Amino acid sequence: MESLGVLLLYPVNAYLEQELDRRCRLYRFWESPRDEFLRAHAGAVRAVVGNANYGADAALIDALPALEIVASFSVGIDRVDLAKCRERGIRVTNTPDVLTDDVADLAVGLAIAVLRRIPQADRYVRAGLWKSRGDYTLTTRFSGKRVGIIGLGRIGQAVARRVEAFDCPVNYHQRTEQKSVYPNYTYYPTVVELASNSDVLVVACPLNASTRHIVSREVMEALGPKGVLINVGRGPHVDEPEMVAALADGRLGGAGLDVFEDEPNVPEALLGMDNVVLVPHVGSGTYETRKAMADLVLGNLEAHVLSKPLLTPVV
Amino acid sequence: MTPSAAGADAKAKPLVLVSQPSDSGLTPVMEGQFRFVLAADADAATAAEARVLFVPGLRPVTADLIDRLPALELVAAISVGLDHVDLDACRRRGITVTNAGATFSVDIADYAVGLVVAVLRRVAAADAHLQRGRWAMDGDYPLATKVSGKRVGIVGLGSIGSLVARRLAAFGCPVAYHSRTRKPAPCPYTFFPTVRALAADSDVLVLACALTEETRRVVDREVMEALGAGGVLVNVGRGGLVDEPELVRCLREGVIGGAGLDVFENEPDVPAELLDMDNVVLSSHKAVATAESIRGALDAVSGNLEAFFAGRPLLSPVSL
């Protein structure tokens, strides 16, 4: 695919960048001012590679007349204008499955970390406080807590399988109940009811127009003063200012957050809270998974160039 | 009520000596049923009368203390570990010892899993990074390593180890173990006859066994070299299971890749060098520190005390 002009929107991964450079005609979007770049190279770009935070929006798509495919280095493609792509006949691929385990591992790891205050204990010891003050604080057991999952897709199911090993009853909400597929999980027709009946609420659905702020103030209050919110989806799934207020007031018991509305900015009020664990969008951030994601992006581009079926098409 | 009747009421409650002040307190049931006296405050008559010693913490229970209690028949510990109790002295005197049984096991297992994920995925380090405002400054966080699929080796497949096994198996980790004896079929996990052999075949080594003379410093340099540069050690057992100075050297030299440590050889002292390492997660002996566990352990003590004084079989006696 040496003649394939690929526009990489951001240095998402060193291996991917190296391979694109070696096998395609690579353009790096961040190396020159946007307008200057587009004037010089817009006509040569046939493929765009972005990630969770950098996508092909309507304006960029309009500026690339030769664009044929958007291959996102992510599973979530809320930053890609899918309607515009459909209109222009542009293909879109993502990276499902290869990151499912990592995201599910992190979701459960965050839930334990919040309930058992693991980062807080680590900070306490490093600050010399165990020695000077002792440590008599009690936390609460994770096993057996009711886990509510918003979206029982690949990631949601992987979370469910893990928490079952901790004897956590599994509840879920999504557009349709699937009782025959999940006879052991309890379906709730609304997110508020799901939250009311759960101790840990995990966001595992795609971000689109109907799921923006799906975790509203009402949902967080239903989850309650002992409830814990785990967001490994997208920042905009949660009404972030409401969440910060609910945590500060004690109306929400705790949160484990991998994503934020305005990354890399984290609301300052969340820093230092004992009942909050914050990580910088590392849901798929392992070298094993990023390599697999990169290979999937390359595989999709190659299939496209060879006119073969795309590996993981969205559009 | 006349003073003699009040005195008779007080004497009606069986006497229980307490080895140290308790951080966990007593349940209302316990306070209602027994008369608790701190061993250090006991007069000669009380010491001579005491048939039961309640051990509500980890301060040593020495042969010296045991020998000052001629009527002692039962030592009821709130903990599951008994390395702080002179078991030889108990054995010699025919004293029965009870521990917390399996009441702590779930929370210890959950914590071990939490530490595994926290070390491999750098959760605590990443949180610290964000707390210092570095995400905006430094950009993307360095990559960590996947938990699913890592080979997990558990040292001690007792009640804690088997719960750890079940949990990590659900993360897609193949699980192997070392125990004093191979578990009978159908045990789904691979047995290794030595800790070194287990370590050689593991990416993550979880210590969930008791500290005894046989297991003291069972994790030595040889075991850590077998675990290897990508390997991670998680200890929710006792600090004494690990050669701690050697552990620090192995982490510094990259002989092993990381560690999650809830226990240390000389708590609350933690080797200073560990405080600067970001491939370790440190914890203040908190694996049991949930309200549910403490309540469960107190109920176990309470149940053992009740059974003892009623002449019924004890709930969680330990074989000495």
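Asp97(A) lies in the loop between strand S5 (91-93) and helix H5 (100-115) of chain A, helices (H or I, at least four residues) and strands (E, at least two) being DSSP runs numbered from the N terminus. This is a predicted model, where local features need pLDDT of at least 70 and side-chain atom pairs count only at pLDDT 80 or more, while totals for chains, interfaces and linings use all residues. Residues are numbered from 1 along each chain as its sequence is written, chains are lettered from A and ligands numbered from 1 in the order in which they are written, and side-chain values use heavy atoms, with hydrogens and water left out.

**Positive phi in chain A**

- Back to Asp97(A): its phi is near 70°, a positive value in a residue other than glycine.
- With a relative accessible area of 48%, Asp97(A) is partly exposed; on this scale buried means under 20% relative accessible area, exposed over 50%, and partly exposed in between (1.4 Å probe, protein chains only).
- His213(A) also has a positive phi, near 55°, and is not a glycine either.
- You'll find His213(A) in the loop between strand S9 (200-203) and helix H10 (217-223) of chain A, and its 31% relative accessibility makes it partly exposed.

**Helix packing**

- Two packed helices are described by the angle between their axes and the distance between the axes.
- In chain A, helix H1 (residues 14-23) and helix H12 (residues 287-305) pack at an angle of about 25°, with axes 9 Å apart; the axes are lines fitted to C-alpha atoms, for helices over the stretch in contact, and angles run from 0 to 180 degrees between N-to-C directions.
- H1(A) and H12(A) are therefore roughly parallel to each other; the classes are under 35 degrees for roughly parallel, over 145 for roughly antiparallel, 65 to 115 for roughly perpendicular, and oblique for the rest.
- H1(A) passes H12(A) in a right-handed crossing, that is, the near helix is turned clockwise from the far one by less than a right angle, anticlockwise being left-handed.
- On the H1(A) side, Tyr15(A), Leu16(A), Glu19(A), Leu20(A) and Arg23(A) do the meeting, and their partners in H12(A) include Lys291(A), Ala294(A), Leu298(A) and Glu302(A); contact means heavy atoms within 4.5 Å.
- The residues of the H1(A) contact with H12(A) split into 7 nonpolar, no polar and 5 charged, where Ala, Val, Leu, Ile, Met, Phe, Trp, Tyr, Cys and Pro count as nonpolar, Asp, Glu, Lys and Arg as charged, and the others, Gly among them, as polar.
- Between the chains, helix H6 (residues 118-126) of chain A and helix H7 (residues 123-131) of chain B have axes that come within 9 Å and cross at roughly 75°.
- That makes H6(A) roughly perpendicular to H7(B).
- Pro119(A), Asp122(A) and Arg123(A) in H6(A) meet Ala124(B), Asp127(B) and Gln131(B) in H7(B), for a tally of 2 nonpolar, 1 polar and 3 charged residues.

**Chain B overall**

- Chain B has 13 helices and 12 strands, and its C-alpha trace spans about 75 × 50 × 35 Å along its principal axes.
- Of its 320 residues, 55% count as buried.
- Take the contacts in chain B with a separation of 6 or more: residues 24 or more positions apart account for 59% of them.
- Chain B exposes about 13000 Å², with carbon and sulfur atoms supplying 53% of it; areas come from the Shrake-Rupley method with a 1.4 Å probe, and for residues only the protein chains shown count as cover.

**Spots to look at in chain B**

- Asp23(B) is in the loop between strand S1 (15-18) and helix H2 (28-33), and at 60% relative accessibility it counts as exposed.
- The C-alpha atoms of Asp23(B) and Ile294(B) are separated by 10 Å, though the two residues are 271 apart along the chain.
- Thr27(B) is found in the loop between S1 and H2 too, but at 5% relative accessibility Thr27(B) counts as buried.
- Leaving aside neighbours within four places in sequence, Thr27(B) is in contact with Arg295(B), Leu298(B) and Asp299(B).
- Asp243(B) sits in the loop between strand S10 (232-235) and helix H12 (244-253) of chain B and is buried, at 15% relative accessibility.

**Cis peptides in chain B**

- Ala185(B) and Pro186(B) are joined by a cis peptide bond, with omega about 5°.
- The bond from Glu267(B) to Pro268(B) is cis as well, with omega near 0°.
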